Amino acid sequence: MKLLFDQGTPAPLRRHLPGHSVDTLAEKGWSGKGNGELLDLAEREGYEVLVTTDQSLPHQQNLTRWRIGLVVLLSTDWNQIRLRTEEIANAVEAVRPGQAVRVSIPFAG
C-alpha cells in the first residue's frame with residue numbers, strides 16, 4: 001500500500017509499517033500545501049492512505065470526495081507513538097477510501 005505521512009507524523013514510524021511504500025510531505029516537496037490541495041495531490045499520485053496528526057482535517061474536508069483514507073494519530077510525540085505501532089498498522093490496514101480512522105495515543109508519563 002502507498003502511504004503518505006503528513007508533517008507532524010514522525011518519520012521513524014515508517015520502519016513499523018513493513019510491506020508499505022511510505023513517503024513524507026517533505027520528501028515530496030508538498031510541505032505547506034492546504035489540506036484540499038494536499039488530498040488532491042496525494043490521490044493523483046496514487047497514495048491510498050494519509051497518516052496525519054492533524055485532528056481537524058477530517059472535520060474540515062468532505063472525505064467522501066476522495067479515494068484516499070486517513071489515519072489520524074492523536075499525538076505527535078514519537079515516544080508515545082512508538083508504543084502504539086501495532087494499532088497504527090492495524091488502522092492503516094482497516095481504513096477505507098473516504099474514511100478517517102483515529103488512533104488514540106494515551107500519555108504514558
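Accessible areas are those given by the Shrake-Rupley method with a 1.4 Å probe. On this basis, the accessible surface of the protein chain in this predicted model comes to about 5,600 Å², and 44% of that surface belongs to carbon and sulfur atoms. Of the 109 residues of the chain, 43% count as buried.

The protein chain contains five helices and five strands, which follow one another along the sequence in the pattern β-β-α-α-β-α-β-α-α-β. Along the principal axes, the C-alpha atoms fill a box of roughly 40 × 25 × 25 Å. When contacts between residues at least 6 apart in sequence are considered, 55% of them join residues that are at least 24 apart.

In soluble globular proteins, nonpolar side chains tend to be buried together. In the present model, the largest nonpolar core comprises 16 residues, of which Leu13, Val51, Val71, Leu73, Ile88 and Val103 touch the most other members. At least two residues of this core are supplied by each of β1 (2-5), β3, β4 (69-73) and α5 (85-94), with α5 giving the most, namely three residues. With residues up to four places away in sequence left out of the count, Ile88 touches Leu13, Leu73, Ile81, Val103 and Ile105. Another core, of 15 residues, lies apart from the largest one and has Leu25, Leu38, Leu57 and Val72 among its members.

The structure also holds one aromatic pair, formed by Trp30 and Tyr47 in an edge-to-face arrangement, with 6.2 Å from centre to centre and 80 degrees between the planes. Trp30 is located in the loop between α1 (25-28) and α2 (35-44), whereas Tyr47 is located in the loop between α2 and β3 (49-52), so the pair ties together parts of the chain that are 17 residues apart in sequence. Both partners fall below the cut-off for burial, which is set at under 20% relative accessible area: Trp30 is buried with a relative accessible area of 8%, and Tyr47 is buried with a relative accessible area of 3%.

Conventions: Residues numbered from 1 in each chain as written. Predicted model: local features only at pLDDT ≥ 70, side-chain atom pairs only at ≥ 80, totals over all residues. Heavy atoms only, no water. Phe/Tyr/Trp six-rings, centres within 6.5 Å; stacked < 30°, edge-to-face > 60°. Helix = DSSP H or I, 4+ residues; strand = E, 2+ residues; numbered from the N terminus. Buried < 20%, exposed > 50% of the residue type's maximum accessible area, 1.4 Å probe, protein only. Contact = heavy atoms within 4.5 Å. Core = buried A, V, L, I, M, F, W, Y, C linked by side-chain atoms within 4.5 Å.
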